[in-house]
Amino acid sequence: MELNKYSKIITQNETQPASQAMLYAIGLTEEDLRKPLIGIGSTGYEGNPCNMHLNDLAQVVKQGINSTGLVGLVFNTIGVSDGISMGTPGMRYSLPSRDIIADSMETVVQAMNYDGLVTVVGCDKNMPGALMAMIRLDRPSVMVYGGTIASGCYKDKKLDVVSAFEAWGEKVAGTMNETDFKGVIQNACPGAGACGGMYTANTMASAIEALGMAMPYNSSNPATGKEKKEDCKNSGKALRHLLENDIKPSDIITRKSFENAVRLLTLLGGSTNAVLHFLAIAKAAAIDFTLDDFQKISDNTPFLADLKPSGKYLMEDLHRVGGTPAVLKFMLDNHMLHDECLTVTGKTWAENLKDLPGLLQGQQVIKPLSAPIKATGHLRILYGNLAEEGAVAKITGKEGYHFSGPAKVFEGEFKANEGIGAGQVKKGDVVVIRYEGPKGGPGMPEMLKPTSAIMGAGLGKDVALITDGRFSGGTHGFVVGHVSPEAQEGGTIGLLIDGDIITIDAEKNTISVDLSASEIAQRKAAWVQPPLKVQKGSLYKYAKTVSSASQGCVTDEF
């Protein structure tokens, strides 16, 4: 079989002498030009612990590729640190970066005529962006996740990045002094790797491994150490088999593999951002998978993982008790996995898991089916007169299942942060943060700073929060995001006033405001759409092209 069917257009075509001259210039030989060319797309950059080590890992991937008679060529694309930009205007660029990553990786591979692609990714939006590119290209591909960070420690307390956000809330509430505040933030993140809990990065990495697009153990191997380097080398080596057997993303990503991915992230208690991203991934793969499919899977999948943000453990702890494949084997043994689905190993999940050990005997990270944290999944898709097109809640059960209270409305995250800090939010309130949706933000920023302030102030069990923005995977509490239609598009969330009674029912999956249809219609008639907050540049383009959250916030359907 012809393995260089794309690269031969430039390497074996005598009418492309300049192409070949430039490839000789980078050090390739005549023999190399007869080999398949594999792009290695890295989102590595120095400014973020999630990504600081990725360029080094890309070189290890290259070693694996080259060892099998292929030629690996590294290129870079952007990344945005959610943790660093959180709570600032820069957070508006986080979600748009997903589509920029997808577009740029697609662009390089198409323009350079590469025969396959390995993506080396770290922070949250890197994973779905890279996967969307691989799906669009539909060439043999593997995703490599850079791995999770080690835990931090201060005064014998285990820390992670969310500890730093919540420390601010404790300081504002007067329960933490300046010395301890500094101690937490200086020790929360000890080095390279993505945020340690079952936040968005680990959620997406685990789910994409279950989807079949990453090698076994890739999502749970820590960022540093020999296991991650072996993981990278083996991922590079896998390209040869994929090329020889013409195994493409379209052969791996199916409706059933989607169900595997979503069932795993439900069992693990993964981030609400996964809903947004998998809707976009489904559109790229032309798979019919909607908000309601998340609810169907959540209804018959227990929440079993005692992982942060709502639980005790970190991804490094899951690694120690068997890693992601051990959880998949648990699912297989309990008839929760479509084991016939193909993976990037060239084998099915049944074959991959056959000889692997299961979860470590006596481990406490994954609860038994007989004693789940919650009998059904934590992801709830809510509908009602506040969200006709849907909203997404993350309800672990620890927050309760019902909340009703008066609205406390804030026009954006920054005003909410000021209000919470000034003590304007009281027990029983439903905090409303609006005009933070895909168009209204623009960019649908995450609300980790206000939710962390609420938790740090000791109001986590007494306050609910709803928004047309998003939540970090590190958010916990009674929170509802992705409210659609968003305020900028005339959604009911934009018509609320202080004191309106809002009711959230996570058992009936409803979210509503106690207003008659005629009152809502009167308010809607008086509402005037505000101008976009930006009038030029990438955020303006994003606001003009992005779809609603209920459709995955994609930018190539307009």
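Mentor: The largest pocket has a volume of about 290 Å³. The model is predicted, so local features need pLDDT of at least 70 and side-chain atom pairs count only at pLDDT 80 or more, while totals for chains, interfaces and linings use all residues. Residues are numbered from 1 along each chain as its sequence is written, and side-chain values use heavy atoms, without hydrogens and water.

Trainee: What makes a set of points a pocket and not a cavity?

Mentor: On a 1 Å grid over the protein atoms alone, a cavity is a set of points where a 1.4 Å probe fits but cannot get out, whereas a pocket is an open set with protein on both sides within 12 Å along at least five of seven lines; lining residues have an atom within 4 Å of a point. The largest pocket has 16 lining residues, and Lys 157, Leu 159, Ser 163, Glu 166 and Glu 170 lie nearest its centre.

Trainee: Which helix gives the most to the lining of the largest pocket?

Mentor: Helix 8 does, with five residues; strand 6 (157–159) and helix 9 (178–187) are also among the elements that give two or more.

Trainee: Which residues line the second largest pocket?

Mentor: Among them are Pro 96, Asp 99, Arg 136, Lys 541 and Asp 556, around a space of about 250 Å³. Helix 6 (94–112) and helix 22 (537–545) each give two or more residues to this lining.

Trainee: From which domains does the lining of the second largest pocket draw at least three residues each?

Mentor: They are domain 1 (36–150 + 191–250 + 272–283) and domain 2 (380–551), with bounds from an automatic or database domain assignment.

Note on methods
Grid points are joined across faces, edges and corners, and a volume is the space filled by probe spheres set on the points. Helices (H or I, at least four residues) and strands (E, at least two) are DSSP runs, numbered from the N terminus.
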